[in-house]
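This report walks through one protein structure, taking a few regions in turn. Please keep the sequence and the 3D view at hand while reading.

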Amino acid sequence: MAFTQPPLPFAFDALEPYGMKAETFEYHYGKHHKAYVDNLNKLTEGTELADKSLEEVIQLSFKDSSKTGVFNNAAQVWNHTFFWNCLKPAGGGAPTGDLATKIEKDFGSFDKFKEEFSNAAATQFGSGWAWLIDDGGTLKVMKTPNAENPLAHGKKALLTLDVWEHAYYIDFRNARPAFIKNFLDQLVNWDFVAEQYATA
């Protein structure tokens with residue numbers, strides 16, 4: 001059973017009024033994400049991993065040094081799919097309901113969460129990801145290098161921001177902080193994050 005690339009949850013140009021060009025998704029989704037899917041299928045074809053779920057492949061390959069290539073591609077397929085769902089046109093702002101209450105409880109305020117998340121995204125050296133996670137019932141911010149994700153560490157991801165340079169260079173050149181601010185102000189799909197929290 002081959003691994004597949006899920007469709008984007010919005011049109012390529014849907015985020016243009018909110019700071020992300022269609023060209024970004026033509027490259028990021030159409031080339032980068034697709035390449036991870038294609039590479040994963042090549043690496044797992046005919047192996048015991050070919051019939052596993054993507055999540056199982058990530059967990060089984062993470063601590064196996066002979067499967068670093070498998071892990072990197074599997075995790076990047078999962079990370080990107082999760083990231084697309086964290087975006088929506090006219091998103092951003094603040095969450096509501098139980099998620100908002102939990103963020104205020106665990107971080108002190110929504111502004112404190114934004115500060116911590118922004119700092120994690122800005123200070124991840126080189127390529128990587130910033131995350132909001134549920135760690136045993138407590139919400140925390142986490143950053144991971146390269147393809148690593150909370151799933152590999154047994155944590156539940158609620159929100160992510162891709163801080164690989166290809167995620168923002170077309171729209172923001174090398175201004176990662178501007179990309180982070182725009183994400184929080186205009187793009188976060190808090191409905192999706194709340195769904196992840198409800199199933200944590």
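## How two helices pass each other

A crossing is called left-handed if the near helix is turned anticlockwise from the far one by less than a right angle, and right-handed if it is turned clockwise. Helices (H or I, at least four residues) and strands (E, at least two) are DSSP runs, numbered from the N terminus. The model is a predicted one, in which local features need pLDDT of at least 70 and side-chain atom pairs count only at pLDDT 80 or more, while totals for chains, interfaces and linings use all residues. Residues are numbered from 1 along each chain as its sequence is written, and side-chain values use heavy atoms, with hydrogens and water left out.

Two packed helices are described by the angle between their axes and the distance between the axes. Helix α2 (residues 54–62) passes helix α3 in a left-handed crossing, and the axes of α2 and α3 (residues 68–85) come within 9 Å and cross at roughly 145°; such axes are lines fitted to C-alpha atoms, for helices over the stretch in contact, with angles running from 0 to 180 degrees between N-to-C directions. From α2 the contact (heavy atoms within 4.5 Å) involves L54, E55, V57, I58, S61 and F62, and from α3 it involves V70, F71, A74, A75, V77 and W78. Sorted by class, this contact of α2 with α3 has ten nonpolar, one polar and one charged residues, where Ala, Val, Leu, Ile, Met, Phe, Trp, Tyr, Cys and Pro count as nonpolar, Asp, Glu, Lys and Arg as charged, and the others, Gly among them, as polar.

## The annotated binding site

An unreviewed UniProt entry lists H28, H80, D162 and H166 under "binding site". These residues span 139 residues in sequence, yet no two of their C-alpha atoms are more than 12.2 Å apart, so they gather at one spot. UniProt positions are given in the numbering used here, feature names are shortened, and annotations may be inferred rather than shown by experiment.

H80 is found in helix α3 and counts as buried at 0% relative accessibility, buried meaning under 20% relative accessible area, exposed over 50%, and partly exposed in between (1.4 Å probe, protein chains only). Leaving aside neighbours within four places in sequence, H80 is in contact with H28, H33, Y36, W129, D162 and H166. D162, in strand β3 (residues 156–162), is likewise buried, with a relative accessible area of 0%. The side chain of D162 makes a polar contact with the side chain of H28 (3.0 Å); a polar contact is a pair of N or O atoms within 3.5 Å, of which, within protein, one must be able to donate a hydrogen and the other to accept it, and residues adjacent in sequence count only if both atoms are side-chain atoms.

T144 has its place in strand β2 (residues 138–145), and at 1% relative accessibility T144 counts as buried. The side chains of T144 and W131 are joined by a polar contact of 2.9 Å.

## Around helix α7

The buried residues of α7 are R176, F179, I180, N182, F183, L184 and L187, and what covers them includes α3, α5 (110–123), β3 and α6 (169–172). In the loop between α7 (176–187) and α8 (190–198) lies N189, which is buried, with a relative accessible area of 13%.
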